[in-house]
Amino acid sequence: MVMDANLHGMEYNMNEQASDEPIFEAMGDAKEFFDLLQAADTPLYDGCDDGDTVLKWVSHFLNAKTLYNISVANWDYMLKCTRRWMKPEDRDRIPKDFYSAKKMMRRFSLSYKKYDVSVNNCFLYYGEYENKNYIACPICGEPRYKQGHVQQNQHIPRKSLWYLPITPRLKRLYMCRKTAEHMIWHLNCGGVSEKIMHPASAEAWKHFDRTYPDFASDPRNVRLGLCTDGLTPFGHTSAPYSCWLVFVTVYKLPPAMCMKPKSIFLSLIIQGPQSLGKNIDVMLRPLIDELKELWYNGVKTYDSFRHEHFILRAALMWTITDFLGYGMVSGWSTHGRLSCPYC
């Protein structure tokens with residue numbers, strides 16, 4: 001997990017507690033993560049260029065499968081040909097098939113969860129309702145599954161939501177020494193300029209620190225922003241289709257990094273075809289529950305910069321939408337006589 005950043009010559013005077021000693025005290029999922037990275041340092045073959053590791057090769061190969069819509073059978077065949085052309089002593093370094101490659105990448109714990117949704121966007125089969133015994137929406141009565149459609153002995157839901165948890169990705173930011181160092185950048189550089197170049201210089205950030213001093217006492221706690229908007233993935237067709245995405249942005253990083261794609265986490269993919277309207281709060285429930293857990297209890301995380309474990313907490317400070325999205329997320333009516341939230 002390497003993030004390239006152009007910091008425009010900024011200098012960082014970090015805490016004296018940081019050291020350059022090897023990392024031995026990491027435990028739990030952090031230890032598994034570092035063990036995987038150490039295993040990934042294995043070169044692809046003897047004599048290859050520096051940086052050409054097994055992990056890099058597998059990730060690029062899996063990315064090619066997604067970009068060019070390669071079937072599993074074709075992917076396995078290309079992998080078989082690649083292994084055949086390698087030296088016998090190097091063949092066992094790369095996976096044998098697609099399943100083995102996915103199993104290797106699964107150890108990074110960057111998975112997703114899929115939830116069924118009522119076709120009218122009024123109910124999410126989440127928590128106790130995730131059980132397959134609930135076959136109809138308790139609000140509108142619409143069936144949960146497509147009638148007469150069964151695939152591999154599994155009922156096919158009429159509508160789904162994909163949720164990508166943000167907690168593992170926030171923990172990864174501190175497991176990488178480079179990004180862990182930048183996560184406390186705002187301590188020394190947040191108020192350098194009179195101009196607001198970063199939210200750390202704004203009054204809202206400082207007011208939040210005064211209101212919640214227990215949260216502000218640990219500079220490693222994370223400030224987040226939420227952004228959502230709809231899109232038409234199939235272009236302007238005769239049958240309109242609206243898909244909604246929800247992103248979470250990490251505002252603890254320097255200005256040159258916090259708006260990079262690597263610092264913006266895709267959290268929700270909400271299936272269409274209709275716009276969500278006021279029912280977007282139904283779809284946000286998994287994310288809200290995770291944010292509440294991060295706010296009240298936090299999660300144990302390993303800081304690779306200071307070489308210690310700590311309780312990571314997070315707070316959602318801003319939402320970013322267009323004016324129509326503002327009405328959906330906040331619940332304020334953005335049409336008619338009282339559409340303006342200020343006047």
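**Figure 1. Asn121 in the loop between β1 and β2.** In this predicted model, Asn121 sits in the loop that runs between β1 (113–116) and β2 (145–151). The phi angle of Asn121 is near 65°, which is a positive value in a residue other than glycine. Asn121 counts as buried because its relative accessibility is 3%, and the cut-off for buried is under 20%.

**Figure 2. His307 in the loop between β8 and β9.** This view shows the loop between β8 (299–303) and β9 (308–312), where His307 has its place. His307 has a phi near 60°, a positive value in a residue other than glycine. With a relative accessibility of 11%, His307 counts as buried.

**Figure 3. The whole protein, for orientation.** The protein contains 13 helices and 10 strands. Its length is 343 residues, and 41% of them count as buried. Of the contacts between residues at least 6 apart in sequence, 61% join residues that are at least 24 apart. The accessible surface of the protein amounts to about 20,400 Å², and carbon and sulfur atoms account for 54% of that surface.

**Figure 4. Helix α2 against helix α3.** Helix α3 spans residues 72–85, and α2 packs with it at an angle of about 145°. The axes of the two helices are 11 Å apart. The crossing in which α2 passes α3 is right-handed. On the α2 side the residues that meet α3 are Trp57, Phe61, Leu62 and Lys65. On the α3 side they are Val72, Trp75, Met78, Leu79 and Thr82. Sorted by class, the contact of α2 with α3 has 7 nonpolar residues, 1 polar and 1 charged.

Figure 5. Phe61 belongs to helix α2. The relative accessible area of Phe61 is 18%, so this residue is buried; the limit for that class is under 20%. Leaving out residues up to four places away in sequence, Phe61 touches Trp75, Met78, Leu79 and Thr82. Phe61 and Trp75 are 14 residues apart in sequence, and their C-alpha atoms are 8.6 Å apart in space.

**Figure 6. Helix α2 against helix α4.** Helix α2 covers residues 54–67 and helix α4 covers residues 98–106. The axes of α2 and α4 come within 11 Å and cross at roughly 115°. The crossing of α2 and α4 is left-handed. From α2, the contact is made by Val54, Leu55, Val58, Ser59, Leu62 and Lys65. From α4, it is made by Phe98, Ala101, Lys102, Met104 and Met105. The residues of this contact divide into 8 nonpolar, 1 polar and 2 charged.

**Figure 7. Tyr99 on helix α4.** Tyr99 has its place in helix α4. Tyr99 is exposed, with a relative accessible area of 54%; the class of exposed residues begins over 50%. Tyr99 and Asp76 are 23 residues apart in sequence and 9.2 Å apart in space, taken from C-alpha to C-alpha.

**Figure 8. Helix α5 and Pro168.** The buried residues of α5 are Thr167, Arg169, Leu170, Lys171, Arg172, Leu173, Tyr174 and Met175. Pro168 also lies in helix α5. Pro168 is partly exposed, with a relative accessible area of 21%. Pro168 and Leu110 are 58 residues apart in sequence, with 6.7 Å between their C-alpha atoms.

**Figure 9. Val222 and the nonpolar cores.** The largest nonpolar core has 40 residues, and those that touch the most other members are Leu170, Val222, Leu224 and Leu287. Strand β6 (residues 243–250) supplies the largest share of this core, 4 residues. A second, separate core has 22 residues, including Leu44, Trp75, Leu79 and Met86. Not counting residues up to four places away in sequence, Val222 touches Leu170, Tyr174, Met183, Phe215, Val250, Lys252, Leu312, Arg313, Ala314 and Ala315.

Methods: Residues are numbered from 1 along each chain as its sequence is written. This is a predicted model: local features need pLDDT of at least 70, side-chain atom pairs count only at pLDDT 80 or more; totals for chains, interfaces and linings use all residues. Side-chain values use heavy atoms; hydrogens and water are left out. Axes are lines fitted to C-alpha atoms, for helices over the stretch in contact, and angles run from 0 to 180 degrees between N-to-C directions. A crossing is left-handed if the near helix is turned anticlockwise from the far one by less than a right angle, and right-handed if clockwise. Contact means heavy atoms within 4.5 Å. Ala, Val, Leu, Ile, Met, Phe, Trp, Tyr, Cys and Pro count as nonpolar, Asp, Glu, Lys and Arg as charged, and the others, Gly among them, as polar. Buried means under 20% relative accessible area, exposed over 50%, partly exposed in between (1.4 Å probe, protein chains only). Accessible areas come from the Shrake-Rupley method with a 1.4 Å probe; for residues, only the protein chains shown count as cover. A nonpolar core is a set of buried Ala, Val, Leu, Ile, Met, Phe, Trp, Tyr and Cys residues joined through side-chain atoms within 4.5 Å.
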